[in-house]
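Trainee: I would like to take a close look at how one chain is held together. Please guide me through it in one connected account.

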Amino acid sequence: MFSLILQSAENNETNNFLKNLSLLYSEKDSISIYRIFLKNIAAYHHTNNVDYLFHASAAANVLFDIKNKNYLTPQDQQDLKLFLTQNNHWNLSTIQAFGNSGFILPNNTVFQLINSLIEDIVYLENINFEFYLEAWNTIINNSLILVKTDFKKSKLLLARIKELSYTEPYLSITVKVNFLELLIHYREDGNSEPIKRFLESAKVLGIPNLYNDLLSGWALLKLNS
């Protein structure tokens, strides 16, 4: 189970929504999450307010992990893609929305959006470092999903990611990129020992949030038999 990507305090309503959703997600409370989804998707259809669509998508995304069912219709998926790509550059709201919808969008759309975010990464670093870090989390998390759902595309993304330079002091980026590469190697050769050794090394770093992210990603993709 991945952690939901939370916005900064500049949008308290969205941040509080995602914190509550994250708690329900950790409890696997699919009934409450489904009610949240229905409320927000109905509000979106009534008002065309994109915030409701983003909230509904986040709820649908965690429901997919719990129930393996996509509650977002193809038309709503298309609307979400259009809202994510209507501006010249990504911002915190769109990065966060994409980060919380990787399961419920078609693989081709996820692939296209990750590439778009990669193309914007230098701009984001120069504009706002918080945007930059959230962009990296979204790129890696959604690439991890593609390791399972579209392996060929995940390999193409890894090649692009490894061509990028990123700020060295932020260890989590390096660790997650290396983890992504190990998962891809595992899909090719079936050898889980490098991943197990990597997880043990990550645990020694003493960064529990990072270690838990790696563990949840490994479990979520059900790559460990």
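What share of the contacts in the chain with a separation of 6 or more is accounted for by residues 24 or more positions apart?

Mentor: The model is a predicted one. Among the contacts in this chain with a separation of 6 or more, 65% are between residues 24 or more positions apart. The secondary structure consists of twelve helices and zero strands, and the pattern read along the sequence is accordingly α-α-α-α-α-α-α-α-α-α-α-α.

Let us consider the overall dimensions before the details. Taken along the principal axes, the C-alpha atoms fill a box of roughly 50 × 40 × 35 Å. A compact globule of 225 residues would have a radius of gyration near 17 Å, and the chain agrees with this because its own value is 17 Å. Of the 225 residues, 50% count as buried. The accessible surface comes to about 11000 Å², and carbon and sulfur atoms contribute 50% of it.

We may now turn to the interior. In soluble globular proteins, nonpolar side chains tend to be buried together. Here the largest nonpolar core has 70 residues, and the members that touch the most others are F37, F98 and F179. Helix α8, residues 129-149, supplies the largest share of this core, namely ten residues.

Side chains of opposite charge can pair when their charged atoms come close. Six salt bridges are counted in this model. One of them joins the side chains of K155 and E188, with 2.7 Å from N to O. This pair links distant parts of the chain, since K155 belongs to helix α9 (residues 151-163) and E188 to helix α10 (residues 171-189), 33 residues apart. K155 has a relative accessible area of 37% and is therefore partly exposed; E188, at 44%, is likewise partly exposed.

Another salt bridge is formed by the side chains of E181 and K162, at 2.8 Å from N to O. This pair too links distant parts of the chain, with E181 in helix α10 and K162 in helix α9, 19 residues apart. Is E181 buried or exposed? Its relative accessible area is 18%, so E181 is buried, because the cut-off for that class is under 20%.

A further salt bridge, between the side chains of K196 and E193, has an N to O distance of 3.7 Å. Both residues lie in helix α11, three residues apart, which is about one turn of the helix. K196 is partly exposed, with a relative accessible area of 42%, and E193 is partly exposed as well, at 38%.

L171, L205 and I207 make a nonpolar surface patch of about 220 Å². I207 is placed in the loop between α11 (193-204) and α12 (208-220). With a relative accessibility of 34%, I207 counts as partly exposed.

Key
Residues numbered from 1 in each chain as written. Predicted model: local features only at pLDDT ≥ 70, side-chain atom pairs only at ≥ 80, totals over all residues. Heavy atoms only, no water. Core = buried A, V, L, I, M, F, W, Y, C linked by side-chain atoms within 4.5 Å. Buried < 20%, exposed > 50% of the residue type's maximum accessible area, 1.4 Å probe, protein only. Helix = DSSP H or I, 4+ residues; strand = E, 2+ residues; numbered from the N terminus. Patch = residues over 30% accessible without salt bridge, like charges linked within 9 Å, V, L, I, M, F, W, Y side chains within 5 Å. Areas by Shrake-Rupley, 256 points an atom, 1.4 Å probe, with all protein chains shown as cover. Salt bridge = Lys/Arg side-chain N within 4 Å of Asp/Glu carboxyl O. Rg over C-alpha atoms; globule rule 2.2 N^0.38 Å. Contact = heavy atoms within 4.5 Å.
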